[in-house]
Amino acid sequence: MTILCPLDFSAASAGLVAYAAALAVAMGAELRLLHVCEPQEDPTGQRPDATVFAPCNGRMQALQAAAQEAGVAHVHTGMVRGEAAPAIVAEATRQQADLIVIGAHGQTGLTRFLMGTTAEIVLRTARCATMLVRAPLLDEE
């Protein structure tokens with residue numbers, strides 16, 4: 001079994017990894033941590049190279065170590081570029097994930113109506129089961 005856990009490196013990320021790690025341990029699953037670097041406007045029109053991921057490497061390694069310390073036997077990390085929701089769904093398909101564990105930040109009102117949240121879009125479009133974990137629960141970890 002494979003669990004995909006997308007991360008945005010917000011304050012709730014450590015709690016989300018702890019939650020996903022507990023599920024992975026209980027299910028004997030492989031845990032895949034994913035960060036999506038969304039495209040940035042570049043005034044020169046050039047695409048950034050792999051150095052765009054450099055600031056994220058330390059954060060990802062720390063979260064991977066936390067999952068391993070929680071007892072997950074197989075923890076893998078990955079970083080991709082793209083729009084968050086479609087990139088998460090594509091990675092879930094590519095990795096043949098059985099479950100996506102994603103944080104929901106509780107966006108409401110007009111912004112949610114106009115844009116939707118990443119978590120909602122993933123929930124609606126992923127082919128595998130998706131578990132939304134609300135931020136208040138993550139803060140308790």
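**Sheet, helices and salt bridges**

Author: Five strands make up an open sheet in the order β3-β2-β1-β4-β5, with parallel pairing; two strands pair if DSSP finds at least two bridges between them, and strands (E, at least two residues) and helices (H or I, at least four) are DSSP runs numbered from the N terminus. The model is predicted, so local features need pLDDT of at least 70 and side-chain atom pairs count only at pLDDT 80 or more, while totals for chains, interfaces and linings use all residues. Residues are numbered from 1 along each chain as its sequence is written, and side-chain values use heavy atoms, with hydrogens and water left out.

Reader: What makes β3 and β5 stand at the edges?

Author: β3 (75-81) and β5 (129-134) each have a single partner strand, so one side of each is left without a neighbour in the sheet. From one strand to the next, the twist averages 25°, where axes are lines fitted to C-alpha atoms, for helices over the stretch in contact, and angles run from 0 to 180 degrees between N-to-C directions.

Reader: How do you know that β1 and β2 are joined as strands of the sheet?

Author: Strand β1 (residues 2-7) and strand β2 (residues 30-37) run parallel and are joined by six bridges, to be set against the requirement of at least two. Within this pairing, L4 stands opposite R32 in β2, and P6 has L34 of β2 as its bridge partner.

Reader: Why is β2 called largely enclosed?

Author: Seven of the eight residues of β2 are buried, so the strand is largely enclosed by the rest of the structure. Buried means under 20% relative accessible area, exposed means over 50%, and partly exposed lies in between, with a 1.4 Å probe and protein chains only. For the protein chain, 40% of the 141 residues count as buried.

Reader: What makes E91 and R94 a salt bridge?

Author: The closest N and O atoms of E91 and R94 are 2.9 Å apart, and the rule asks for a side-chain nitrogen of Lys or Arg within 4 Å of a carboxyl oxygen of Asp or Glu, so the pair qualifies. E91 and R94 are three residues apart in helix α3 (residues 84-94), and are therefore separated by about one helical turn. E30 also forms a salt bridge, with R32, the closest N and O atoms being 2.7 Å apart, and by this rule the count comes to two salt bridges.

Reader: How do you know that the span of α2 agrees with what a helix should span?

Author: Helix α2 (residues 54-69) has 16 residues, which at 1.5 Å a residue should span 22 Å, and its end C-alpha atoms are 24 Å apart, which agrees; the expected span is 1.5 Å times one less than the number of residues.

Reader: Why are the buried residues of α2 said to line one face?

Author: The buried residues of α2 are C56, M60, L63, Q64 and A67. Seen down the axis of α2, they fall within an arc of 105°, so they line one face of the helix; the arc is that of the directions from the helix axis to the C-beta atoms. The face turned away from the buried side of α2 carries the exposed residues Q61 and E69, while the buried residues of α2 are covered by elements including β1, α1 (13-27), β2 and β3.

Terms used
Contact means heavy atoms within 4.5 Å.
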